[in-house]
Amino acid sequence: MSNVYLLRIDSPVGRIELVGDDEHLVALTIEDADGSLPHDDEPERPNAVLELAREQLSEYFAGTRTDFEIPVRPAGGSDFQRAVWAELARLHWGEATSYGALAQAVGRPGSARAIGGAVGANPIPIVIGCHRVLASDGRITGYSGGRGIPTKLWLLGHEQIGFAA
């Protein structure tokens with residue numbers, strides 16, 4: 001990344017920190033249970049991509065946007081993780097999948113546990129919808145963003161995605 005840009009926004013799931021390069025959103029972090037974000041000590045430095053992300057996320061949370069049109073380049077990740085994130089990016093508003101189905105989609109049947117690790121490492125949650133992944137029986141098994149499962153519950157409810165209790 002030649003230039004790094006930073007913007008924070010308020011949302012129904014807590015403050016969100018957006019990080020971008022000159023042309024892409026590269027990371028999105030939802031504040032954790034203690035209310036902190038990774039770059040809280042740094043001043044904001046917005047650019048056009050992050051302003052676009054702010055606008056589209058605001059529309060998403062208002063219920064008026066169901067698909068994102070933000071250029072993304074997830075920071076880091078192995079080839080396997082990037083393949084999983086690419087499959088997650090195919091999911092749309094209100095669609096859910098399972099860890100097993102993701103494993104099949106990336107050509108690694110039987111690797112649901114490794115899939116879970118890749119889903120949890122997604123650097124751009126919400127935009128790349130890792131909250132849309134459930135256990136094969138429809139249960140919620142975890143969420144690494146924000147406040148964890150309560151954040152996932154809010155996102156699933158917002159998109160009217162059903163799950164097993």
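Start by selecting helix α1, residues 48-62: α1 lies across β1, β2 and β3 and runs at about 20 degrees to β1. Axes here are lines fitted to C-alpha atoms, for helices over the stretch in contact, and angles run from 0 to 180 degrees between N-to-C directions. Contact means heavy atoms within 4.5 Å. Helices (H or I, at least four residues) and strands (E, at least two) are DSSP runs, numbered from the N terminus.

This is a predicted model, where local features need pLDDT of at least 70 and side-chain atom pairs count only at pLDDT 80 or more, while totals for chains, interfaces and linings use all residues. Residues are numbered from 1 along each chain as its sequence is written, and side-chain values use heavy atoms, with hydrogens and water left out.

**Next: the sheet**

Select β1, β2 and β3. These 3 strands form an open, antiparallel sheet in the order β1-β2-β3. At the edges sit β1 (5-9) and β3 (25-30), each pairing on one side only. Neighbouring strands are turned by 15 degrees against each other on average, direction ignored. Two strands pair if DSSP finds at least two bridges between them. Between β1 and β2 (residues 16-20) there are 5 bridges. Pick L6 to see one partner in β2: V19.

**Next: R8**

Show the side chains of R8 and E17. They meet in a salt bridge at 3.8 Å, N to O. The term means a side-chain nitrogen of Lys or Arg within 4 Å of a carboxyl oxygen of Asp or Glu.

Now colour by accessibility. Buried means under 20% relative accessible area, exposed over 50%, partly exposed in between (1.4 Å probe, protein chains only). R8 is buried at 15%, E17 is buried at 1%, and D40 is partly exposed at 33%.

**Next: E59 and R65**

E59 and R65 form another salt bridge, with the closest N and O atoms 2.7 Å apart. The structure holds 13 salt bridges.

Select α4, residues 112-120. Its buried residues are I115, A118 and V119. They cover an arc of only 100 degrees around the axis, so they are on the same side of α4. That arc is taken from the directions from the helix axis to the C-beta atoms. Their cover includes α2 (79-90), α3 (99-105) and β5 (133-134).

Finish on H131, in the loop between α4 and β5. H131 is buried, at 0% relative accessibility.
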